[in-house]
Amino acid sequence: MIENSLGPFPLQIQQVQSDTAQNYTIYYSASGPGIDQDPKGLFYIERETGNIFATRAVDREQYPSFQIICFATTPDGYSPEVPLVHTIRIEDDNDNAPYFTQDLFEFSVLENSKPGVVVGRVTAEDRDEPDTLHTWLKYRIVSQTPPVTPAFSLHGDTGVIAVLLPQLDRELVSSYTLLVEVRDMAGQPFGLCTTGTVVIRIEDTNDNAPSFKQTQYETRVEENRVNVEILRVSVVDLDEPGSPGSGAVYEIIRGNDDRSFEITTDKNTNEGVLCVVKGLDYEAAKQRILVIAVNNEAPYMLAPHSQQLSQSTSSVTVHVLDMDEGPVFKPCHLRIDVKECEDIGTSIGRYVAEDPETGNSEGICYRIPPGQCNWISIDEKSGEVRTIKVLDRDVGEMRRGQCNITVLAIDRNGKTGTGTIQVVIQPGNKNYPRITKTEYIMCRDRKPICLTAQDDDESPYSIPFAFHINDRSLASSWKITRHNDNSVYLSPKGDIPFGIYRIPVSVTDNGGKVGEHYIRVNYCDCVTPSECNDGGPRVFAGGNVTLGLWAILAMILGSLLLLLILITICGCCGSGVMHRQVTDDCANHNLIISNTEAPGEEVMDHNIIPLQNTCDQGGYGIKTGDQQTFEMVKGRGHTLESVKGGGHQTLGSVKEGGGGGGQPMMDTCRYSYSEWHNFTHPRLGEKVHLCRQDEEQKHSEDYLLSYNYEGKGSLAGSVGCCSDQHEEEALDFLDQLEPKFRTLAETCIKR
């Protein structure tokens, strides 16, 4: 259906039919937008024919298409056909003119820009159907204001505006106004069109150099006037006012070597303001000639087809007017160096002024105004300067080391001149050097001690320091090794006894002042200083050796302990000791101390006894009830003793007394079973009895160790049997023990 159709309405636009109409009576109906949905009533379908009609015109921009569903049914409601989806498309009519996206387009471009430089882009839109002639737009410039040579071009398809004129001069034309047109139908005359406005401002560049309005100026100023404005100069600049291209920057390029003048820019008027910042002397120069130059804040840009201009300058003649002046100090600023801690009243210099008119100091008196640092005084007639207090850099306001004092000079006419005395306190050698730390601990590694000195004086009265040991006897055993300008290493020269050393060390600064100190070094038998207990050991000072209280007590306690040990040994050996010598290899064939074996059957054989005793080991066995126990005791005394009623008895004595005609065993280190039994049974029985009386069973745990049955089938047979029946025979069978017994023997030997 064509957009904006003129009718007549109702207007037939389509017909739908069903193939089943040949066999059935078919009624047609439809549903969807434009029929029974918004916009309702725009279309309808005839029931009998299937013709679709439009009732009024349609705007494509509002409803570009309609999708309806058509139905074919029999009178009884049967639908022999599947519903048909039918689309009604509205064909576009060029009923909308294009329009610009902005009411006013504003752009800017630098003056003197080259042709082809893009200025900006205008854009337009069209509501008609896209990608058709109805929306194919073309742009063009209709007119330009001011109506001079066209300065810009407009691309017909893209709407891009570019520079066309090679010389855009802001000083001639500051802005351009363009009337532009956009037309659809590819710009054909019958297409619809709209116009818009574009304003292009020309931005300023510094293509015009400033120039003085006058090339010469004259002015006057009284001598000795300071910070006074004497002249204003102005320039002409065609660039945009207030921009960096027109802002003037003035400078004095000649005639101001003494910096007596200064010129600045008044931002409001762009004028140069010339001032006197240092008083002029009529007697020295009656006039001064200055040369002033001017530039812009922005760098100068040479315009196309123009020549470089020279810098604009102007000369200023300053006439100095003679005035009745006051006295003048020469120099106006005097520095006086004063040694630290000088006596009060010391003359440190002289400060006088002259009358510029007469050139002498007659009739001039001097004084120091109050409210300043009260360090010096000046003689009213002669100008001699003296100290009025001791100047010490370590006291109060003198810590800064200097002070500026204003002095007044007054002539006969009451004219006053001022000068400044800078008093500088020079550091002196008033402090002795000192060692910051004087107590140290030195361990057995004898690591050198670092002694560091300090002096409150400044250079050259401080570092480098010289260290020296004053005592000759200590200097022979201690040495000093240089580390740096303010520290040294102190260390012993060789082996020295442990103790505390008081070493006198002197430190001499670079000015010759000597500070003496005693360095206390605790030479301690330790690994780290924290292990050393400084409780009063020996003190070594000047070669004398003394013992401290704790050392004497330690020696007394040690002597008493040694005496007690000797008495105990003598008591233990009072009943006699059997000394026996055996070969070292005897121990290789013995079972050493063994603890309880793994649980097993109880040992019921009463013949189990210790096999043999060596020089380093002894053993005994006892019977208590039904259980056989024995203990191997290791020691170097070769004795088994039982203490009863304070008496002592050895196995040797038992053997000699109760052994009868037993064979001596000094050579083989062995005893018979009967000898062991006779010696150990009564004594160990008593000990067991005592242990059982102990409620906590402490002693029984220490003395009684149960040994259970170790197995059957050993090639060596029963240990008790072997010892009982072959007590005089060699024990070579022990070399053929089973592996588990060898392990036991090796373990005991290692222990």
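This note goes through the disulfides and other cysteines of a predicted model.

1. Residues are numbered from 1 along each chain as its sequence is written. Local features need pLDDT of at least 70 and side-chain atom pairs count only at pLDDT 80 or more, while totals for chains, interfaces and linings use all residues, and side-chain values rest on heavy atoms, with hydrogens and water left out.

2. Searching the whole structure gives 3 disulfides, a disulfide being a pair of cysteine sulfur atoms within 2.5 Å. With the bonded cysteines of the protein numbered in sequence order, the pairing reads 1-2, 3-5, 4-6.

3. Cysteine 373 is joined to cysteine 403 at an S to S distance of 1.7 Å, and the torsion about this S-S bond is about -100°, so the link is left-handed. Cysteine 373 sits in the loop between β29 (365-367) and β30 (376-378) and cysteine 403 in strand β32 (residues 402-410), so the pair ties together parts 30 residues apart in sequence; strands are DSSP runs (E, at least two residues), numbered from the N terminus.

4. The disulfide of cysteine 443 and cysteine 526 has an S to S distance of 2.2 Å and is left-handed, with -90° about the S-S bond. Both cysteine 443 and cysteine 526 are buried.

5. In cysteine 524 and cysteine 532 the sulfur atoms are 2.4 Å apart, and the torsion of about 110° makes this disulfide right-handed. Both of these residues, cysteine 524 and cysteine 532, are buried.

6. Cysteine 193, at 35% relative accessibility, counts as partly exposed, a class lying between buried and exposed (over 50%). Cysteine 365 is also partly exposed, at 21%.

Note on methods: Helix = DSSP H or I, 4+ residues; strand = E, 2+ residues; numbered from the N terminus. Buried < 20%, exposed > 50% of the residue type's maximum accessible area, 1.4 Å probe, protein only.
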